[in-house]
Amino acid sequence: WESRTGFHSALFNSTADPATGDARYYNSNDAVQAFLSRGVPASKLVLGIASYGRGWTNVGSSNNGLFQGGTTAPGSVEPGIERYATLKALGWPVYSDASSKARWIYDGRTFWSFDDPVTIADKTAYAKVQGLGGAFLWDFGGDDAQEIVAVAGHQIAFQHLVPFRDRFRKPVEVLFLLPRQLDRDEDADMQPQRFLVDGRDIAGD
(Lines give C-alpha, C1' and ligand atoms only; values in the text may rest on other atoms or scores of the structure.)
Protein backbone atom coordinates (compact mmCIF):
# COMPACT_ATOMS: atom_id res chain seq x y z
CA TRP A 1 0.00 0.00 0.00
CA GLU A 2 1.30 3.45 -0.85
CA SER A 3 2.63 5.27 2.20
CA ARG A 4 1.24 8.58 0.90
CA THR A 5 -2.39 9.49 0.24
CA GLY A 6 -3.54 9.99 -3.33
CA PHE A 7 -6.45 9.62 -5.69
CA HIS A 8 -8.10 6.29 -6.28
CA SER A 9 -9.46 7.04 -9.75
CA ALA A 10 -8.46 10.49 -10.99
CA LEU A 11 -9.56 11.57 -14.45
CA PHE A 12 -6.40 13.64 -15.04
CA ASN A 13 -3.02 13.96 -13.40
CA SER A 14 -2.94 16.43 -10.53
CA THR A 15 -0.48 19.29 -10.97
CA ALA A 16 0.22 19.05 -7.22
CA ASP A 17 0.99 15.31 -7.23
CA PRO A 18 4.55 14.71 -6.00
CA ALA A 19 4.68 11.25 -7.61
CA THR A 20 7.48 10.52 -10.05
CA GLY A 21 8.08 8.00 -12.84
CA ASP A 22 5.20 5.87 -14.08
CA ALA A 23 3.05 6.87 -11.11
CA ARG A 24 2.61 10.29 -12.74
CA TYR A 25 0.47 8.58 -15.37
CA TYR A 26 -1.89 6.73 -13.00
CA ASN A 27 -5.03 8.48 -14.20
CA SER A 28 -7.79 7.80 -16.71
CA ASN A 29 -6.80 10.35 -19.35
CA ASP A 30 -3.19 9.21 -19.63
CA ALA A 31 -4.35 5.59 -19.92
CA VAL A 32 -6.87 6.46 -22.66
CA GLN A 33 -4.36 8.57 -24.57
CA ALA A 34 -1.78 5.77 -24.40
CA PHE A 35 -4.22 3.41 -26.13
CA LEU A 36 -5.28 6.00 -28.69
CA SER A 37 -1.69 6.89 -29.55
CA ARG A 38 -1.04 3.22 -30.32
CA GLY A 39 -3.91 3.00 -32.76
CA VAL A 40 -6.69 1.55 -30.61
CA PRO A 41 -10.04 2.94 -31.85
CA ALA A 42 -11.75 5.17 -29.31
CA SER A 43 -14.98 3.23 -29.81
CA LYS A 44 -13.23 0.13 -28.41
CA LEU A 45 -12.44 1.83 -25.08
CA VAL A 46 -14.73 2.16 -22.08
CA LEU A 47 -13.94 4.33 -19.07
CA GLY A 48 -13.96 2.89 -15.55
CA ILE A 49 -16.13 4.19 -12.71
CA ALA A 50 -15.59 2.76 -9.22
CA SER A 51 -18.28 2.20 -6.58
CA TYR A 52 -15.62 1.88 -3.87
CA GLY A 53 -12.82 3.98 -2.47
CA ARG A 54 -9.27 3.63 -1.18
CA GLY A 55 -8.24 5.06 2.15
CA TRP A 56 -5.49 5.88 4.62
CA THR A 57 -5.54 6.68 8.32
CA ASN A 58 -3.11 8.44 10.66
CA VAL A 59 -3.00 11.18 8.01
CA GLY A 60 -1.72 14.67 8.81
CA SER A 61 -3.90 17.73 8.27
CA SER A 62 -1.76 19.58 5.70
CA ASN A 63 -3.60 20.11 2.40
CA ASN A 64 -6.68 18.50 3.99
CA GLY A 65 -4.87 15.18 4.01
CA LEU A 66 -4.01 15.08 0.31
CA PHE A 67 -0.54 13.74 -0.62
CA GLN A 68 0.31 13.22 3.06
CA GLY A 69 1.80 10.22 4.80
CA GLY A 70 -0.50 7.59 6.26
CA THR A 71 -1.22 3.93 6.82
CA THR A 72 -3.86 1.66 5.34
CA ALA A 73 -7.33 2.51 6.64
CA PRO A 74 -9.59 -0.28 7.90
CA GLY A 75 -12.20 -1.24 5.30
CA SER A 76 -15.14 -3.63 5.16
CA VAL A 77 -14.17 -5.01 1.73
CA GLU A 78 -10.50 -5.43 2.62
CA PRO A 79 -7.89 -3.20 4.29
CA GLY A 80 -7.93 0.16 2.52
CA ILE A 81 -11.07 -0.58 0.49
CA GLU A 82 -14.58 0.62 1.36
CA ARG A 83 -17.90 0.74 -0.51
CA TYR A 84 -19.26 4.01 -1.87
CA ALA A 85 -22.51 3.65 0.08
CA THR A 86 -20.59 3.37 3.34
CA LEU A 87 -18.30 6.30 2.56
CA LYS A 88 -21.20 8.53 1.50
CA ALA A 89 -22.98 7.81 4.78
CA LEU A 90 -20.01 9.11 6.82
CA GLY A 91 -20.94 12.70 6.00
CA TRP A 92 -17.36 13.95 6.25
CA PRO A 93 -16.13 17.16 4.59
CA VAL A 94 -15.61 16.75 0.84
CA TYR A 95 -12.63 18.28 -0.98
CA SER A 96 -11.89 18.64 -4.70
CA ASP A 97 -8.77 18.92 -6.84
CA ALA A 98 -9.51 21.04 -9.91
CA SER A 99 -6.69 19.75 -12.11
CA SER A 100 -7.37 16.03 -11.64
CA LYS A 101 -11.17 16.28 -11.35
CA ALA A 102 -10.88 14.02 -8.29
CA ARG A 103 -12.47 14.31 -4.85
CA TRP A 104 -11.83 12.98 -1.38
CA ILE A 105 -13.19 13.09 2.16
CA TYR A 106 -11.15 13.69 5.29
CA ASP A 107 -12.10 13.90 8.96
CA GLY A 108 -8.78 15.16 10.30
CA ARG A 109 -7.32 11.68 10.62
CA THR A 110 -8.64 9.37 7.90
CA PHE A 111 -8.63 10.02 4.13
CA TRP A 112 -10.78 8.32 1.48
CA SER A 113 -10.74 8.93 -2.28
CA PHE A 114 -13.59 7.64 -4.46
CA ASP A 115 -15.91 8.45 -7.36
CA ASP A 116 -19.12 10.32 -6.55
CA PRO A 117 -21.83 11.96 -8.69
CA VAL A 118 -19.58 14.97 -9.41
CA THR A 119 -16.60 12.94 -10.65
CA ILE A 120 -18.92 10.60 -12.53
CA ALA A 121 -20.40 13.56 -14.42
CA ASP A 122 -16.88 14.62 -15.39
CA LYS A 123 -15.91 11.10 -16.47
CA THR A 124 -18.99 10.48 -18.56
CA ALA A 125 -18.63 13.89 -20.23
CA TYR A 126 -15.01 12.98 -21.01
CA ALA A 127 -16.08 9.65 -22.50
CA LYS A 128 -18.50 11.43 -24.81
CA VAL A 129 -16.05 14.14 -25.91
CA GLN A 130 -13.37 11.54 -26.60
CA GLY A 131 -15.81 9.39 -28.58
CA LEU A 132 -15.25 6.37 -26.36
CA GLY A 133 -17.43 3.29 -26.50
CA GLY A 134 -18.93 4.11 -23.10
CA ALA A 135 -18.15 3.52 -19.45
CA PHE A 136 -18.35 0.67 -16.96
CA LEU A 137 -19.05 0.43 -13.23
CA TRP A 138 -17.43 -1.98 -10.79
CA ASP A 139 -19.52 -3.04 -8.98
CA PHE A 140 -23.21 -3.02 -8.06
CA GLY A 141 -22.42 -4.09 -4.50
CA GLY A 142 -20.83 -0.77 -3.55
CA ASP A 143 -23.53 1.47 -4.99
CA ASP A 144 -26.07 3.33 -2.89
CA ALA A 145 -29.50 2.23 -4.16
CA GLN A 146 -28.27 2.46 -7.79
CA GLU A 147 -27.27 6.14 -7.34
CA ILE A 148 -24.05 5.71 -9.33
CA VAL A 149 -25.83 3.71 -12.01
CA ALA A 150 -28.52 6.38 -12.28
CA VAL A 151 -26.06 9.30 -12.44
CA ALA A 152 -23.79 7.63 -14.98
CA GLY A 153 -26.70 6.47 -17.09
CA HIS A 154 -28.31 9.89 -17.14
CA GLN A 155 -25.06 11.68 -17.98
CA ILE A 156 -23.93 9.29 -20.70
CA ALA A 157 -27.42 8.76 -22.18
CA PHE A 158 -26.41 5.21 -22.93
CA GLN A 159 -27.90 3.02 -25.61
CA HIS A 160 -27.44 -0.27 -23.80
CA LEU A 161 -26.87 -1.29 -20.19
CA VAL A 162 -25.12 -4.65 -20.08
CA PRO A 163 -24.81 -6.41 -16.70
CA PHE A 164 -21.98 -8.85 -16.00
CA ARG A 165 -22.81 -11.55 -13.47
CA ASP A 166 -21.09 -13.55 -10.79
CA ARG A 167 -21.46 -17.32 -10.43
CA PHE A 168 -24.79 -16.81 -8.63
CA ARG A 169 -26.16 -14.87 -11.63
CA LYS A 170 -26.16 -11.66 -9.57
CA PRO A 171 -25.23 -8.52 -11.55
CA VAL A 172 -21.87 -7.28 -10.32
CA GLU A 173 -20.69 -4.94 -13.08
CA VAL A 174 -22.51 -2.76 -15.56
CA LEU A 175 -21.36 -1.50 -18.94
CA PHE A 176 -22.85 1.71 -20.40
CA LEU A 177 -22.59 1.86 -24.19
CA LEU A 178 -22.87 5.17 -26.01
CA PRO A 179 -25.22 5.37 -29.00
CA ARG A 180 -22.94 5.22 -32.02
CA GLN A 181 -25.55 6.38 -34.52
CA LEU A 182 -25.76 9.88 -33.01
CA ASP A 183 -23.36 12.65 -33.84
CA ARG A 184 -21.13 13.64 -30.91
CA ASP A 185 -22.34 17.25 -31.15
CA GLU A 186 -25.89 16.08 -30.48
CA ASP A 187 -25.00 14.45 -27.15
CA ALA A 188 -26.17 17.45 -25.12
CA ASP A 189 -29.69 17.00 -26.48
CA MET A 190 -29.87 13.27 -25.92
CA GLN A 191 -32.36 11.88 -23.42
CA PRO A 192 -31.37 9.02 -21.11
CA GLN A 193 -32.69 5.59 -21.97
CA ARG A 194 -34.33 3.19 -19.51
CA PHE A 195 -32.14 1.33 -17.04
CA LEU A 196 -32.86 -2.27 -17.93
CA VAL A 197 -31.45 -5.33 -16.21
CA ASP A 198 -33.09 -8.57 -17.29
CA GLY A 199 -35.97 -6.57 -18.71
CA ARG A 200 -36.60 -4.77 -15.41
CA ASP A 201 -36.36 -0.98 -15.17
CA ILE A 202 -34.11 -0.28 -12.19
CA ALA A 203 -34.06 3.53 -12.55
CA GLY A 204 -36.62 3.98 -9.80
CA ASP A 205 -35.41 1.22 -7.47
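Modeller: Within H3, the buried residues are Thr119, Ile120, Lys123, Thr124, Tyr126, Ala127 and Lys128. Buried means under 20% relative accessible area, exposed means over 50%, and partly exposed lies in between (1.4 Å probe, protein chains only). Helices (H or I, at least four residues) and strands (E, at least two) are DSSP runs, numbered from the N terminus. This is a predicted model, in which local features need pLDDT of at least 70 and side-chain atom pairs count only at pLDDT 80 or more, while totals for chains, interfaces and linings use all residues. Residues are numbered from 1 along each chain as its sequence is written, and side-chain values use heavy atoms, with hydrogens and water left out.

Biologist: How many residues does H3 have, and what span does it reach?

Modeller: The expected span of a helix is 1.5 Å times one less than its number of residues. H3 has 13 residues and reaches 18 Å from first to last C-alpha, close to the expected 18 Å. At its start, a side-chain oxygen of Asp116 comes to within 3.0 Å of the backbone nitrogen of Val118. Just after H3, Gly131 has a positive phi of about 70 degrees.

Biologist: Asp122 is found in helix H3. With which residues is Asp122 in contact, leaving aside its neighbours within four places in sequence?

Modeller: Contact means heavy atoms within 4.5 Å. By that criterion, and with those neighbours left aside, Asp122 is in contact with Leu11 and Lys101. The C-alpha atoms of Asp122 and Leu11 are 8.0 Å apart in space, although the two are 111 residues apart in sequence. Asp122 itself is partly exposed, at 27% relative accessible area.

Biologist: How many aromatic pairs does a search of the whole structure find?

Modeller: A pair of aromatic rings is described by the distance of the centres and the angle of the planes. Rings of Phe, Tyr and Trp (its six-membered ring) pair if their centres lie within 6.5 Å; planes under 30 degrees apart count as stacked, over 60 as edge-to-face and the rest as tilted. The search finds seven aromatic pairs. One of them is Phe12 with Tyr126, an edge-to-face pair at 5.8 Å centre to centre and 85 degrees between the planes. This pair links distant parts of the chain, with Phe12 in the segment before helix H1 (28-37) and Tyr126 in helix H3 (residues 117-129), 114 residues apart. Phe12 is partly exposed at 26% relative accessible area, whereas Tyr126 is buried at 7%.

Biologist: Why is the pair of Trp56 and Phe111 edge-to-face?

Modeller: The ring centres of Trp56 and Phe111 are 5.8 Å apart and their planes stand at 70 degrees, so the pair is edge-to-face. It joins strand E2 (residues 52-57), which holds Trp56, to strand E7 (residues 111-114), which holds Phe111, 55 residues apart. Trp56 is buried at 6% relative accessibility, and Phe111 is buried at 0%. Ring pairs also link Phe7, Trp56, Phe67, Tyr95, Trp104 and Phe111 into a cluster.

How values were computed. Polar contact = N/O pair within 3.5 Å; in protein donor to acceptor, adjacent residues only side chain to side chain.
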